[in-house]
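This report looks at a ligand and the residues around it. It then turns to pairs of charged side chains.

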Amino acid sequence: MIKAIYPGSFDPITNGHLDIIHRASKIFNRIVVVVAENSRKKSLFSIEEKVNMIQNVIAELKNVEVQSFRGLLIDCARSNHANIILRGMRAISDFEYESQFALMNKKMAPEIETVFMVTSTRFSYLNSSIVKEVASLNGCIGELVPPFVEKMLKTKYGYS
Ligand code: ADP
């Protein structure tokens, strides 16, 4: 049984995240998308809103679930009996932070492996911040996020 956790801020989930989840769901037996509660990062959406959006967009993927977590990621992996931490890799600029994060987790929990999936080219420029920036100015985000998330963003910024 290969079970992975896929952690992140997901503020909000984008088509880039979803692409990774879809591809990973064919490789791993189970995936838990983990919305990390991070008090140092200011979020547009609440934890409940983020979990709700993810639940909505992964509904058809039977081996994927979502939960929120506060604390050390390795503790989250252990309590889920997951042996993999899955991360997406967009550009070389992601590498430094991601490798440091993976090495620290490896030091604390040698039994857990970090696995990176390289983004699909069409989503390599995409992140939650740029989506929020465009949405806040009423730009078109239809190709960047699922329709449910687009609706949530429009409501948040008062455009619907
Ligand atoms: P964090 O705040 O930890 O960076 P994010 O919510 O931004 O969390 O992203 C969660 C994970 O998804 C990270 O591994 C990140 O590299 C990956 N990711 C984000 N955007 C994309 C994308 N467009 N394509 C592939 N992976 C992505």
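The model is predicted: local features need pLDDT of at least 70, side-chain atom pairs count only at pLDDT 80 or more, and totals for chains, interfaces and linings use all residues. Residues are numbered from 1 along each chain as its sequence is written, and side-chain values use heavy atoms, with hydrogens and water left out.

| Residue, part | Ligand atom | Distance |
|---|---|---|
| Ser-9, side chain | oxygen | 2.6 Å |
| Gly-88, backbone | oxygen | 2.6 Å |
| Thr-119, side chain | nitrogen | 2.9 Å |

On its own, the ligand has 550 Å² of accessible area (Shrake-Rupley method, 1.4 Å probe), and the protein covers 91% of this area.

The structure also holds 10 salt bridges (a side-chain nitrogen of Lys or Arg within 4 Å of a carboxyl oxygen of Asp or Glu). In one of them, Arg-70 pairs with Glu-37, and their closest N and O atoms are 3.4 Å apart. Arg-70 is in the loop between β3 (64-69) and α3 (73-79), and Glu-37 is in the loop between β2 (30-36) and α2 (47-57), so the pair ties together parts 33 residues apart in sequence. Here helices (H or I, at least four residues) and strands (E, at least two) are DSSP runs, numbered from the N terminus.

Technical notes. A polar contact is a pair of N or O atoms within 3.5 Å; within protein, one must be able to donate a hydrogen and the other to accept it, and residues adjacent in sequence count only if both atoms are side-chain atoms.
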